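Colleague: I am new to this structure. Please show me how to read its features, one at a time.

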Amino acid sequence: MASHSDTLVVFFGATAGANGGKLGSDEREIILLVWQIVDLHEKKVGKLHRCVVKPDVLELTDQCTEETGLTVDDLAEAEPLDKVLQQFQQSVSSEVKGLGRSSFTLCVDSPHVIRQALHPEASKKNLVLPECFFSFVDVKKEFHKCCPDASALQKCTLASMLEHVGLPAVSEESTGEMEVSSMVQLTLHILAEPYNHKFTCVETVKYKFDSGTCNKMEPVDSETVIRARGLPWQSSDQDIARFFKGLSIAKGGVALCLNAQGRRNGEALVRFINSEHRDLALERHKHHMGSRYIEVYKATGEEFLKIAGGTSNEVAQFLSKENQVIIRMRGLPFTATPQDVLSFLGPESPVTDDAEGLLFVKYPDGRPTGDAFVLFSCEEYAQNALKRHKQILGKRYIELFRSTAAEVQQVLNRYMSAPLISTLPPSPIMPVPVLASPPYLPAASSSRDCVRLRGLPYTAGIEDILEFMGEHTVDIKPHGVHMVLNQQGRPSGDAFIQMKSPDKSFMVAQKCHKKTMKDRYVEVFQCSTEEMSIVLMGGTLNRSGLSPPPCKLPCLSPPTAYAAFPTPPSMLSEAALYQPPLLAAPRSHQTVAHGPAHALAYYPPQPHMYMNMNMNYTAYYPSPPVSPSTVGYFAAPPGSVAAAVAAQSHPAAGTASSVLPQHGALVRMQGLPYNTGVKDILSFFQGYQYAPDEYSSMVQMSEQARSLIQPKEWLCL
């Protein structure tokens with residue numbers, strides 16, 4: 001309402017819990033509304049109205065019962081809030097029209113009843129409030145303008161204000177009626193001489209949240225920022241604005257926080273227009289969004305700018321269109337084009353300005369990340385797009401979420417500021433440490449939140465697995481499907497799926513075990529992340545138990561001496577055995593005096609094999625091919641085995657070459673016949689290994705350890 005209203009409607013409300021300065025802080029429902037009209041021109045007062053409201057939960061605190069005098073029986077006989085608000089609108093409109101006036105404005109003794117009680121409750125109950133509840137005047141602020149010498153605004157009460165202007169306190173009236181009568185007396189007094197006050201300080205409540213961008217150079221007052229924690233992962237900026245309904249959030253003032261993997265972590269930073277609204281927001285600590293309670297804490301402007309600030313021209317241009325709904329797409333194929341995305345969304349979800357409404361997220365070198373943001377002109381189109389969540393584009397399922405302008409800025413900042421991954425170490429002499437396991441494997445855990453699918457048809461694809469999972473597909477972790485391939489890179493018939501919790505994986509194992517897929521029944525077993533990781537590394541998991549992958553066996557190679565080619569121990573760590581084969585280029589065999597005449601290919605420990613593997617890599621669905629074929633092998637230099645044997649027969653030479661064996665001294669044999677067995681290979685290398693007794697004389701070991709170095713353990717077929 002404008003400040004030129006003809007009448008004021010003095011308004012009061014009470015809830016079933018805390019009232020006064022704590023009104024609305026406990027999420028209790030409104031149970032009482034009282035109002036009275038004041039004609040600003042004629043200085044006349046209308047009839048006093050008092051309406052009891054029936055809440056959804058018929059409960060009253062002892063303090064509320066004592067203050068209002070209401071009982072549960074009184075509430076049970078009353079009308080619900082929507083009916084009472086209709087009565088209010090009809091009554092006030094009729095009375096204002098009877099006075100010959102055309103407009104009115106609400107007048108309250110504090111903003112709590114409007115901002116903290118009425119709007120939040122109406123939002124939760126999906127009620128449409130009349131327009132008059134989106135503007136009001138605060139009698140305390142108006143009084144302070146007339147009497148600046150009065151006590152501080154925060155300490156003002158109706159009784160103290162009446163006392164300051166020499167008016168008697170109102171008594172012998174019930175709660176609500178007393179407050180309204182006090183405000184009416186005070187209003188009439190400041191309208192008269194000597195004050196002749198005009199009510200011009202009208203506060204407004206925003207109809208909706210305005211999205212926008214924030215520049216990193218823009219100053220942000222720390223007294224206006226809060227941190228909300230515990231948000232549902234799928235919540236958007238509009239959901240957060242709805243949680244703070246009644247309070248004014250600055251344009252683009254909602255910034256959803258992301259974790260190191262670029263996913264939402266359940267936190268958001270919210271910036272309000274002033275410190276008063278920030279203080280009211282802090283009173284909503286542990287209020288509920290759906291079934292979750294949200295924690296609200298103070299934050300700083302620096303934290304907000306770190307999340308929401310940005311200066312990218314590309315982002316600014318993308319977000320320059322006002323009142324657009326933003327959707328984030330994740331898991332796109334790296335080869336996806338704008339036309340592919342538009343076709344995926346379909347004609348029922350037209351993108352604003354077609355390809356201009358798409359923003360693909362890329363690394364600094366131009367490589368796609370699999371993320372994109374899409375603009376829609378209205379909520380209907382966005383809802384249609386969200387229905388495509390987890391549907392297939394190419395061979396991958398696509399995740400769709402509501403997003404915000406701040407999230408667009410944050411994601412772009414994260415990827416564009418990431419340094420390019422170095423493919424070579426800075427020095428060929430100093431090797432770069434490698435990971436102990438492939439970076440795309442999940443962290444090992446004993447939690448049984450995974451399932452193993454065994455016996456899949458070799459032609460089974462992504463769509464078949466999703467169809468097989470049925471209703472349980474929604475419980476799959478993002479990018480949580482891992483296909484196991486054989487050494488030829490073909491499907492092995494096994495797959496692992498990470499579920500959201502052990503309970504979900506147990507349900508899948510119970511419901512889907514021995515269901516049919518393409519005329520084959522598929523076995524489904526519950527397992528842990530640790531077991532899944534071992535199998536993906538090349539181990540086995542069967543009824544007889546868990547066997548480690550070949551690269552985890554206690555002894556992988558015959559004991560050899562590095563007389564001809566000594567290598568620092570740090571160069572051949574156990575982690576080196578996990579390098580993908582593409583990092584090691586086989587070199588042809590070089591004939592030496594003591595080497596065998598057989599054609600062997602080997603992998604010498606060269607510096608280029610120690611690449612920086614510490615890259616942030618997510619196993620997107622479908623996951624990269626992982627199988628025993630991904631384990632690489634390092635070989636001893638040609639002739640080193642023979643040199644070691646020769647050294648044993650010549651003591652002098654043995655003294656010069658008594659170097660302890662190193663891990664990773666392996667040979668790789670290519671072109672073996674398919675029917676080759678262990679005996680064939682041992683016969684091939686006859687004469688080139690130490691007997692266990694000779695080895696134990698060289699290295700001190702227990703009897704238990706001696707059984708681990710039999711020749712059969714040297715082989716990995």
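Modeller: Start with salt bridges. Side chains of opposite charge can pair when their charged atoms come close. This predicted model holds 26 salt bridges.

Colleague: How far apart are the closest N and O atoms of glutamate 29 and lysine 125?

Modeller: They are 2.7 Å apart, and the two residues form a salt bridge. Glutamate 29 is in the loop between β1 (7–15) and β2 (30–39). Lysine 125 is in the loop between α4 (112–124) and β7 (135–138). The pair therefore ties together parts that are 96 residues apart in sequence.

Colleague: Which residues are linked with Glu29 and Lys125 in a network of salt bridges?

Modeller: Asp56 and Glu121 are linked with them in that network.

Colleague: Where in the chain are the partners glutamate 223 and arginine 278?

Modeller: Their side chains meet in a salt bridge, 2.8 Å from N to O. Glutamate 223 lies in the loop between β8 (202–204) and β9 (225–229). Arginine 278 lies in helix α9 (residues 275–282). They are 55 residues apart, and the pair links distant parts of the chain. Glutamate 223 is partly exposed, at 41% relative accessible area. Arginine 278 counts as buried, at 3%.

Colleague: And which parts does the pair of arginine 448 and glutamate 531 link?

Modeller: Here the side chains meet in a salt bridge at 3.8 Å, N to O. Arginine 448 sits in the loop between α14 (405–416) and β19. Glutamate 531 sits in helix α17 (residues 529–536). Arginine 448 is partly exposed, with a relative accessible area of 37%.

Colleague: Now a single residue. What is arginine 101 in contact with, leaving aside its neighbours within four places in sequence?

Modeller: Arginine 101 lies in the loop between α3 (81–98) and β6 (104–108). Then list the contacts: Asp6, Thr7, Asp39, His41, Glu42 and Val96. The side chain of arginine 101 also makes a polar contact with the side chain of aspartate 39, at 3.2 Å. For another distance, take leucine 40. The C-alpha atoms of arginine 101 and leucine 40 are 10.0 Å apart, while the residues are 61 places apart along the chain.

Colleague: How do I read aromatic rings?

Modeller: A pair of aromatic rings is described by the distance of the centres and the angle of the planes. The structure holds eight aromatic pairs. In one of them, the centres of tryptophan 35 and phenylalanine 88 are 4.9 Å apart and the planes stand at 85°, so this pair is edge-to-face. Tryptophan 35 is in strand β2 and phenylalanine 88 in helix α3, so the pair ties together parts 53 residues apart in sequence. Tryptophan 35 is buried, with a relative accessible area of 2%. Phenylalanine 88 is buried too, with 0%.

Colleague: At what angle are the planes of phenylalanine 88 and phenylalanine 133?

Modeller: The planes are at 35° and the centres 5.2 Å apart, so the pair is tilted. Phenylalanine 133 lies in the loop between α4 and β7, so the pair with phenylalanine 88 in helix α3 ties together parts 45 residues apart in sequence. Ring pairs link Phe11, Trp35, Phe88 and Phe133 into a cluster.

Colleague: Which ring does the charged end of lysine 515 sit over?

Modeller: The ring of phenylalanine 468, 5.2 Å from its centre. Arginine 396 lies over the face of phenylalanine 334, at 5.8 Å from the ring centre.

Colleague: Last, a helix. How do I read its sides?

Modeller: An α-helix has 3.6 residues a turn, so residues three or four places apart point the same way. Take α16 (residues 502–512), where Ser505, Val508, Ala509 and Cys512 are buried. They cover an arc of only 100° around the axis, which puts them on the same side of α16.

Colleague: Which residues are exposed on the other side of α16?

Modeller: Asp503, Gln510 and Lys511 are exposed there.

Colleague: What covers the buried residues of α16?

Modeller: The cover includes α15 (462–469) and the strands β19 (450–454), β21 (491–499), β22 (515–517) and β23 (520–527). Just after α16, lysine 514 takes a positive phi of about 65°.

Conventions:
Residues are numbered from 1 along each chain as its sequence is written. This is a predicted model: local features need pLDDT of at least 70, side-chain atom pairs count only at pLDDT 80 or more; totals for chains, interfaces and linings use all residues. Side-chain values use heavy atoms; hydrogens and water are left out. Buried means under 20% relative accessible area, exposed over 50%, partly exposed in between (1.4 Å probe, protein chains only). Helices (H or I, at least four residues) and strands (E, at least two) are DSSP runs, numbered from the N terminus. The arc is that of the directions from the helix axis to the C-beta atoms. Contact means heavy atoms within 4.5 Å. A salt bridge is a side-chain nitrogen of Lys or Arg within 4 Å of a carboxyl oxygen of Asp or Glu. A polar contact is a pair of N or O atoms within 3.5 Å; within protein, one must be able to donate a hydrogen and the other to accept it, and residues adjacent in sequence count only if both atoms are side-chain atoms. Rings of Phe, Tyr and Trp (its six-membered ring) pair if their centres lie within 6.5 Å; planes under 30 degrees apart count as stacked, over 60 as edge-to-face and the rest as tilted. A charge sits over a ring if NZ of Lys or CZ of Arg is within 6 Å of the ring centre and within 35 degrees of the ring normal.
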